[in-house]
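This report covers the fold, the first helix and one of its residues. The sequence and structure come first.

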Amino acid sequence: MVMSEYQDIAQQLRTRLADLLERTEVIEDDLRHPLDADWEEQAQDLADDESLEGVDEVLRAEIQQIRLALLRIENGTYGDCAVCGDPISAERLKARPIATRCIKCA
Ligand SMILES: [Zn+2]
């Protein structure tokens with residue numbers, strides 16, 4: 001398919017990417033906060049940090065997938081199944097723009 005057909009998706013992905021990057025920054029700021037002196041609060045802070053790190057990981061994984069999708073749009077391989085090479089259906093890409101496999105191979 002012609003690259004320009006994916007410009008809408010590319011725009012959507014860039015918007016999402018900017019949003020995710022902003023969120024990871026907020027989380028990292030939070031993780032950098034010095035721990036409170038009170039040990040009870042310290043324990044709570046640690047628990048919070050652990051769940052934040054989990055969120056951070058999920059966001060980072062999605063950021064990576066979006067970057068790869070944008071790269072595929074640029075180099076013209078976007079929309080082709082990474083396994084069988086068949087085109088991924090437009091409906092599937094619309095529902096899941098970061099999909100790299102067709103329905104059969106997913
Ligand atoms: Zn396939």
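## Burial and the model

A residue counts as buried if 20 or more other C-beta atoms lie within 10 Å of its own, as exposed if 12 or fewer do, and as partly exposed in between. The structure described here is a predicted model.

By this criterion, 8% of the 106 residues of the protein are buried.

## Overall fold

The secondary structure consists of three helices and zero strands. Along the sequence this gives the pattern α-α-α.

The C-alpha atoms occupy a box of roughly 60 × 25 × 20 Å along the principal axes. The radius of gyration of the protein is 19 Å, whereas a compact globule of 106 residues would have a value near 13 Å. Among contacts with a separation of 6 or more, 54% join residues 24 or more positions apart.

## Helix 1

Helix 1 covers residues 7–32. At 1.5 Å a residue, its 26 residues should span 38 Å, and the distance of 37 Å between its end C-alpha atoms agrees with this.

How many of the 26 residues of helix 1 are buried? The number is one, so helix 1 lies largely in the open.

## Residue Q7

Q7 belongs to helix 1. Is Q7 buried or exposed? Q7 has 11 other C-beta atoms within 10 Å; a residue with 12 or fewer is exposed, so Q7 is exposed.

Q7 and L70 are 63 residues apart along the chain, and their C-alpha atoms are separated by 9.8 Å.

Definitions and conventions
Residues are numbered from 1 along each chain as its sequence is written. This is a predicted model: local features need pLDDT of at least 70, side-chain atom pairs count only at pLDDT 80 or more; totals for chains, interfaces and linings use all residues. Helices (H or I, at least four residues) and strands (E, at least two) are DSSP runs, numbered from the N terminus. The expected span of a helix is 1.5 Å times one less than its number of residues. The radius of gyration is taken over C-alpha atoms; the globule rule is 2.2 Å times the number of residues to the power 0.38. Two residues are in contact if their C-beta atoms, placed from the backbone, lie within 7 Å.
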